[in-house]
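Visitor: I am new to reading protein models. Could you take me through one, feature by feature?

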Amino acid sequence: VFNVFRYNLKDLIDLVNGKAQNVNDQDGYGLEADVAWTISTKTKLVTNYAWQHSKNSKTGATIANAPARQASVGLRYQATSSCSINPQANWVADRARAPGDTRPKINDYILADLTLRCDAEKMPIEWAASVRNALDADVREPSSASIPHDYPLDRRSVYFEATYHFDRI
């Protein structure tokens, strides 16, 4: 799947002297591509890439904090008839600071996750276990200048999930 887009937004709300007002306009364009490749009956590779350019229509300044590029790649491996192993990596890059924000550039990052999912069709319970940020990266999302070190994302964490399917009893 391949998408190309362009947009134009008018009268966006922003704070002016502590008061919310419709003062900004924004223009942007970009593209996104999704590719899935069935490698074998048990293995599928899924990828995504997105690129965008967004600017303030009045000042020409790049829109702060929005990533210009993002990509992901994941593998869906059917290990048994009911369980799959799904590693995935996500990359986020090229985020500009707000005009006047003198802090260092926002770091690009890669997050790696791993999920084991089991779902036997005749059993009512489906479950999954995930390790998110498996490489324990110190990853941050941009904040306003009043939060000096940006917003930290979770370090390595483990999630368990269970779903009960009433229609399978």
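Visitor: In which strand does asparagine 48 lie?

Guide: First, the ground rules. This is a predicted model, where local features need pLDDT of at least 70 and side-chain atom pairs count only at pLDDT 80 or more, while totals for chains, interfaces and linings use all residues. Residues are numbered from 1 along each chain as its sequence is written, and side-chain values use heavy atoms, with hydrogens and water left out. Strands are DSSP runs of E, at least two residues, and helices are runs of H or I, at least four; both are numbered from the N terminus. Asparagine 48 lies in strand 3, which covers residues 43–56.

Visitor: Which side chains make polar contacts with the side chain of asparagine 48?

Guide: A polar contact is a pair of N or O atoms within 3.5 Å; within protein, one must be able to donate a hydrogen and the other to accept it, and residues adjacent in sequence count only if both atoms are side-chain atoms. Here the side chain of asparagine 48 has such a contact with that of glutamate 32, at 2.9 Å. Another, of 2.5 Å, joins it to the side chain of aspartate 34.

Visitor: Which residues does asparagine 48 touch?

Guide: Contact means heavy atoms within 4.5 Å. Leaving out residues up to four places away in sequence, asparagine 48 touches Glu32, Ala33, Asp34, Gln70, Ala71 and Ser72.

Visitor: How many strands form the open sheet, and in what order?

Guide: Start with the general idea. Strands of a sheet pair through backbone hydrogen bonds, either parallel or antiparallel. Two strands count as paired if DSSP finds at least two bridges between them. In this model, 8 strands form an open sheet, in the order 1-2-3-4-5-6-7-10, with antiparallel pairing. Strand 1 (2–16) and strand 10 (157–164) stand at the edges; each has a single partner strand, so one side of each lacks a neighbour in the sheet.

Visitor: How many bridges join strand 5 to strand 6?

Guide: There are 10 bridges, and the two strands run antiparallel. Glutamine 88 stands opposite aspartate 113 in strand 6. On to strand 4 (residues 67–78): it pairs with strand 5 over 9 bridges, also in the antiparallel sense. Strands 4 and 5 form a hairpin, with 4 residues between them. Valine 73 faces alanine 89 of strand 5 across this pairing.

Visitor: What about strand 7 and strand 10: over how many bridges do they pair?

Guide: Strand 7 (residues 125–132) pairs with strand 10 over 8 bridges, in the antiparallel sense. Arginine 132 stands opposite serine 157 in strand 10.

Visitor: Which cysteines does a disulfide join?

Guide: A disulfide is a pair of cysteine sulfur atoms within 2.5 Å. The count by this rule is 1. The disulfide joins cysteine 83 to cysteine 118, with 1.9 Å from S to S. It links distant parts of the chain: cysteine 83 is in strand 5 (residues 83–95) and cysteine 118 in strand 6 (residues 109–119), 35 residues apart. The torsion about the S-S bond is about 115°, so the disulfide is right-handed. Cysteine 83 is buried at 15% relative accessible area, and cysteine 118 is buried at 7%.

Visitor: How many aromatic pairs does the structure hold?

Guide: Rings of Phe, Tyr and Trp (its six-membered ring) pair if their centres lie within 6.5 Å; planes under 30 degrees apart are stacked, over 60 edge-to-face, and the rest tilted. The structure holds 2 such pairs. Tyrosine 29 and tryptophan 51 have ring centres 5.7 Å apart and planes at 55°, so this pair is tilted. Tyrosine 29 is in strand 2 (residues 19–38) and tryptophan 51 in strand 3, 22 residues apart. Tyrosine 164 and phenylalanine 166 form an edge-to-face pair, 4.9 Å centre to centre with 70° between the planes. Tyrosine 164 is partly exposed, at 38% relative accessibility, whereas phenylalanine 166 is exposed, at 67%.

Visitor: What is the phi of aspartate 11?

Guide: Most residues other than glycine have a negative phi. Aspartate 11 is not a glycine, yet its phi is positive, about 60°. Aspartate 11 sits in strand 1. Asparagine 133 also has a positive phi, near 50°. Its place is the loop between strand 7 and strand 8 (140–141). Asparagine 133 counts as buried, at 4% relative accessibility.

Key
Buried < 20%, exposed > 50% of the residue type's maximum accessible area, 1.4 Å probe, protein only.
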